[in-house]
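Me: I am new to this structure. Can you show me how to read its features, one at a time?

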Amino acid sequence: GRNFIMEGIMRFIKNSVVIPLYNNEYLLINTLLGLLDIITEEEFAVVNQIKGYGEFRLEMLNKYDMPFINQLMKRYYIMDSVVEAEWEKDLLSKLKEEDNFKKNHLDSVAFVLSYACNFACPYCYEDSGSKSTNIMTQEQVDIICSLHPEGIKKVLLFGGEPLLERNRSIIEYIVKKIPKAHYSVVTNGYYLLEFIDLLKNLNILNIQITLDGDEDTHNKSRTLRNGGPTFVRILKGIEEGLKAGLRIKIRMNVTTDNINSCLKLREKLFQKFNKNDNLIFEMQPVFQLEDNKKSELWNILFEDVSLDYEKMATRNKILQTFPAIINFFINRNRITPIYHFCQLEEQNRYYDADGYIYSCILAVGSHKKSIGTYYPQLTLKENSMATRNIETIPECRQCSCKFLCGGGCSNGVADSENCFKPNCYNFKVETSTMLPYIYSLLSGGK
């Protein structure tokens with residue numbers, strides 16, 4: 001074929017995305033290299049004209065503002081299409097190799113001890129899933145450990161509710177089997193007091209406990225099965241856990257109804273415990289909410305942090321886990337190209353007491369969304385959330401956004417017969433509503 005570089009025949013790269021921002025500015029992204037640039041409306045018009053040329057010689061660009069053209073070339077928005085294809089092929093090969101390596105060296109395991117829970121939270125995603133009453137057995141723990149011959153470095157205790165008295169003996173067995181691992185627990189916190197004696201002797205990364213606002217607000221949704229209140233007992237467990245040196249993350253599932261209560265409680269607890277280094281907070285919109293409601297809540301959460309410099313300085317304590325592209329944009333870093341949507345799926349496996357394996361915490365309890373079984377025998381599905389990526393999803397292969405969104409959240413399509421489908425909606429909402437709003441805040445807009 002022709003030597004495009006020598007002939008000077010170029011094109012605007014296919015692997016680019018333009019997102020409208022605030023005040024007639026645009027975010028231009030080179031998705032191959034993860035580069036972010038803010039351009040004006042006039043520059044956006046030039047970009048569109050250059051794209052319309054298809055392949056062209058560099059001389060055709062002499063009529064434009066050359067500093068801008070030179071910047072586009074320096075940032076590899078304009079390049080040889082053959083070279084771009086080679087770079088994309090190399091990037092995909094690298095990402096696939098990294099993905100396979102991580103899958104073959106998994107050292108982070110979640111034990112879903114049972115699906116039993118003493119709470120009746122209305123937004124619980126497991127409530128419509130498994131109704132199993134099984135409790136994980138020592139035999140199952142042994143099999144899980146055998147599937148990780150290089151050792152397990154991180155353990156998550158999960159459920160249902162893991163800290164039930166009926167689960168204590170199997171937790172003690174896991175601890176005895178994997179004594180040197182770093183442990184995390186996702187618990188409603190009601191029985192934390194009864195487990196402090198066991199947990200304080202472990203390497204604890206964090207114990208996640210949910211409080212959904214002040215006492216009255218929290219007790220409206222996070223109740224016992226019999227409808228009883230839970231706030232006071234949970235708070236006592238948090239207090240005693242901090243005294244015992246446990247690192248505690250208070251999770252707040254926010255809605256439009258409770259967000260103000262959550263923000264006030266977070267500040268109150270932050271002061272109550274004297275900014276204890278072992279206490280951190282995480283606020284997340286309830287995942288079942290409609291995307292426009294989630295976007296509205298993310299905007300409030302971002303504004304809360306961004307306009308308070310003290311909170312920004314102690315951001316490790318005031319966690320808002322924004323979507324990936326939002327985080328990268330806020331920090332103005334390069335965007336790391338991704339192979340599939342959720343990086344946590346590369347790092348974790350969830351094993352339940354029914355013998356199923358999951359790659360996603362939101363899939364736990366829904367057997368249709370499992371990636372296979374480990375008990376009574378090991379079986380892995382060919383078509384599953386664990387094998388879903390921007391190469392196995394046909395629509396993603398030619399999409400300019402693929403290295404940004406990774407095909408979208410797989411949890412929304414895993415129930416279908418073919419999970420190799422894109423889930424573009426969240427990405428579109430984030431880029432069409434959240435990014436412009438956040439940029440307006442950063443730019444001092446209203």
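Reply: Start with the surface. A nonpolar patch is built from residues with over 30% relative accessible area and no salt bridge, with nonpolar side chains joined within 5 Å. Keep in mind that this is a predicted model.

Me: Which residues make the nonpolar surface patch here?

Reply: L147, L378 and L380 make it, and it covers about 280 Å². L378 sits in the loop that links strand 16 (372-373) to strand 17 (379-380).

Me: How confident is the prediction along the protein chain?

Reply: The average pLDDT is 89, and 90% of the residues score at least 70. Over residues 1-6, though, the pLDDT is below 50. That stretch has nine contacts in the model beyond near neighbours in sequence.

Me: Now the sheets. What holds strands together?

Reply: Strands of a sheet pair through backbone hydrogen bonds, either parallel or antiparallel.

Me: How many bridges join strand 3 to strand 4?

Reply: Six, between residues 25-30 and residues 35-40, running antiparallel. E25 lies opposite T40 of strand 4. The two strands form a hairpin with four residues between them. In this hairpin, G34 takes a positive phi near 70 degrees.

Terms used
Residues are numbered from 1 along each chain as its sequence is written. This is a predicted model: local features need pLDDT of at least 70, side-chain atom pairs count only at pLDDT 80 or more; totals for chains, interfaces and linings use all residues. Side-chain values use heavy atoms; hydrogens and water are left out. Patches are made of residues with over 30% relative accessible area and no salt bridge: like charges are joined within 9 Å, nonpolar side chains (Val, Leu, Ile, Met, Phe, Trp, Tyr) within 5 Å. Accessible areas come from the Shrake-Rupley method with a 1.4 Å probe; for residues, only the protein chains shown count as cover. A salt bridge is a side-chain nitrogen of Lys or Arg within 4 Å of a carboxyl oxygen of Asp or Glu. pLDDT is the predictor's confidence in each residue, from 0 to 100. Contact means heavy atoms within 4.5 Å. Two strands pair if DSSP finds at least two bridges between them.
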